[in-house]
Amino acid sequence: MSSIETTRLGSNGPVVGVQGLGCMGMSEFYGPTDTEEALATLGRALELGVTLFDTADIYGSGANEELIGPFVRAHRDQVVLATKFAIERRADDPSYRGVNNDPAYIRQAVDASLRRLGVDEIDLYYMHRRNPEVPLAESVGAMAELVAAGKVKHLGLSEVTGPELREAYAVHPIAALQSEWSLFSRGPERSAVPVAAELGVALVPYSPLGRGFLTGAFADAGKLGADDFRRHLPQFTGENAAGNAELVEPIRKIAAERGATAAQVALAWVQQRAEVHGLAVVPIPGTRKRSRLEENAAATALKLTAEELAELDLIGGRVQGSRYADMSNTSDAREV
């Protein structure tokens, strides 16, 4: 396929392909991975016009940044590199997840990411999660200092509400907001999307394929490998999984009618949120395989009809179960 179209992240942010690549699964969370194939997938992505590559310091406890670092350096003029800080882990407790937004921690985190990636500057630096106990102005102020110091080009936030986005933007322009947005996760539309559209902030939907559930890759996460973290997500296990599996049927039906795959239909719906809400939308489906990458990238050329969009829109209100077992660190928990 030819190179995908481009869009701009934020009013003055970088120009990127309208679909990015989530690199998390190349190091952790979704079971065993093939490093050689993962690296080949990075190269193929660039060939197809995918230029936004997304990682975080938590993925593999830094291993994901180290994995993609050589690729980023080899293609520095083409790659738009996004990474994140805020979620802390403990070696003695694999299940522990703390959220640190302290300015001193932010300064340490960016230096550690720069070392692992082997670059002088990060194109897009996200606050991965919000800790309400730390004033947002302090955290974003510290991030703004990183821009002034030449360590970061543009700022992003993840899992924040509309009011929080507005508050942060008043301190420093925000190029992108990364939130879980898919046919199964409509939460960002409550307040974040309208504010982003007003301010000219791009939306970067993560897990736009419902972590594979919308593609039919699995119907019950309880049957996945023991090291697959989806086994702990309420939407995809037990009675919730059984009920939600039925909701995927309209996606399959439209896919069959259009000669597409379920993944392509689900991604096309996300891509067309740009037109529906009037803002830039750059989903970052994650994959470790070139074949899946090519399938996903082809979705950028699929335009769903108004009737198809209306049918798919009905899915979101019928989803059973929450996105995470513990929703306390999500934007949903802070929506008024």
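**Exercise 1. How are α8 and α12 oriented to each other?**

Solution. This is a predicted model; local features need pLDDT of at least 70, side-chain atom pairs count only at pLDDT 80 or more, and totals for chains, interfaces and linings use all residues. Residues are numbered from 1 along each chain as its sequence is written, and side-chain values use heavy atoms, with hydrogens and water left out.

Step 1. Locate the helices (DSSP runs of H or I, at least four residues, numbered from the N terminus). Helix α8 covers residues 249–258 and helix α12 residues 306–313.

Step 2. Take the geometry. The two axes come within 10 Å and cross at roughly 160°. Axes are lines fitted to C-alpha atoms over the stretch in contact, and angles run from 0 to 180 degrees between N-to-C directions.

Step 3. Classify. α8 and α12 are therefore roughly antiparallel (angles over 145; under 35 is roughly parallel, 65 to 115 roughly perpendicular, the rest oblique).

Step 4. The crossing of α8 with α12 is left-handed (the near helix is turned anticlockwise from the far one by less than a right angle; clockwise gives right-handed).

Step 5. List the contact (heavy atoms within 4.5 Å). α8 supplies P250, I251, K253, I254 and R258; α12 supplies E308, E311 and L312. By class, that is 4 nonpolar, no polar and 4 charged. Ala, Val, Leu, Ile, Met, Phe, Trp, Tyr, Cys and Pro count as nonpolar, Asp, Glu, Lys and Arg as charged, and the others, Gly among them, as polar.

**Exercise 2. Describe the packing of α1 and α2.**

Step 1. Helix α1 spans residues 35–47 and helix α2 residues 63–74. Their axes come within 11 Å and cross at roughly 40°. That makes α1 oblique to α2.

Step 2. The crossing of α1 and α2 is right-handed.

Step 3. T35, L39, L42, G43 and L46 of α1 meet L67, I68 and F71 of α2. This contact has 6 nonpolar, 2 polar and no charged residues.

**Exercise 3. Which residues line the largest cavity?**

Step 1. A search of the whole structure finds 1 cavity of 30 Å³ or more. On a 1 Å grid over the protein atoms alone, a cavity is a set of points where a 1.4 Å probe fits but cannot get out; lining residues have an atom within 4 Å of a point.

Step 2. The largest cavity holds about 40 Å³.

Step 3. Its lining is V160, S179, G187, P188, R190, A192, S331, D332 and E335. These divide into 3 nonpolar, 3 polar and 3 charged.

Definitions and conventions:
Helices (H or I, at least four residues) and strands (E, at least two) are DSSP runs, numbered from the N terminus. On a 1 Å grid over the protein atoms alone, a cavity is a set of points where a 1.4 Å probe fits but cannot get out, and a pocket is an open set with protein on both sides within 12 Å along at least five of seven lines; lining residues have an atom within 4 Å of a point. Grid points are joined across faces, edges and corners, and a volume is the space filled by probe spheres set on the points.
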